[in-house]
Amino acid sequence: MILIKSEDLKKIVKRIFVSYGFSDEDAEIVADHLVLANLRGVDSHGVIRVSVYIEGFEKGYVKPCGNLSILRDEGNIIIADGGNCLGIPVATKATRLLIDRAKKYGVAIVAVSNLGHVSMLAYYTNIIAQEKLIGFASVNAPAIVVPWGGSKPVLGTNPISIAFPTSSRPIIIDMAMSAMAAFKVRLA
């Protein structure tokens, strides 16, 4: 086992993403997210994803950026487009926007389409709970799950996360709607 200090690993991951054209801010968000996933024990959504994301950039599946464009703004309901960018920086920006609107209106919803993998949903709901708000995040996923008694995949893993603020650390639930997250199989 190789042990690397988390701050050193963040610097390495950030440099990799900057080399692919990410801004310093967006690369920092991605590095923080992936390393935190490993620190939380969610290795399937940690730095193991770096090579997968790079492959996606090189094959043109997803763009190495973090753009968030608002398509419709109704105050506490926002519809946005992620510009086919990697989902982590896009979803982080959407989370920050959601927090601002929830504080202003009491409740807010931000829906983002056209973005790549967002990784660990607990990252976003934790940010929300740190602001003393209740957070909920969900994503859809391609059909890879065969339902009980079925023979063909018709469901996605469709993960969800909910976080509740407390006087100390938030209570966070982060799970897939399948027996396990798909990438845990690949990790194994």
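1. Helices (H or I, at least four residues) and strands (E, at least two) are DSSP runs, numbered from the N terminus. Axes are lines fitted to C-alpha atoms, for helices over the stretch in contact, and angles run from 0 to 180 degrees between N-to-C directions.

2. The model is predicted, with local features requiring pLDDT of at least 70 and side-chain atom pairs counted only at pLDDT 80 or more, while totals for chains, interfaces and linings use all residues. Residues are numbered from 1 along each chain as its sequence is written, and side-chain values use heavy atoms, leaving out hydrogens and water.

3. Helix α1 (residues 6-19) packs against helix α2 (residues 24-39) at an angle of about 135°, and their axes are 8 Å apart. That makes α1 oblique to α2 (under 35 degrees is roughly parallel, over 145 roughly antiparallel, 65 to 115 roughly perpendicular, and the rest oblique).

4. Residues of α1 in the contact (heavy atoms within 4.5 Å) include Leu9, Val13 and Phe17, and those of α2 include Ala27, Val30 and Leu34. By class, the contact of α1 with α2 has 10 nonpolar, 1 polar and 5 charged residues; Ala, Val, Leu, Ile, Met, Phe, Trp, Tyr, Cys and Pro count as nonpolar, Asp, Glu, Lys and Arg as charged, and the others, Gly among them, as polar.

5. A disulfide (a pair of cysteine sulfur atoms within 2.5 Å) joins Cys65 to Cys85, with an S to S distance of 2.0 Å. Cys65 lies in the loop between α3 (49-59) and β1 (69-73) and Cys85 in strand β2 (residues 77-85), so the pair ties together parts that are 20 residues apart in sequence.

6. Both Cys65 and Cys85 are buried (under 20% relative accessible area, with a 1.4 Å probe and protein chains only; exposed is over 50%, and partly exposed is in between).
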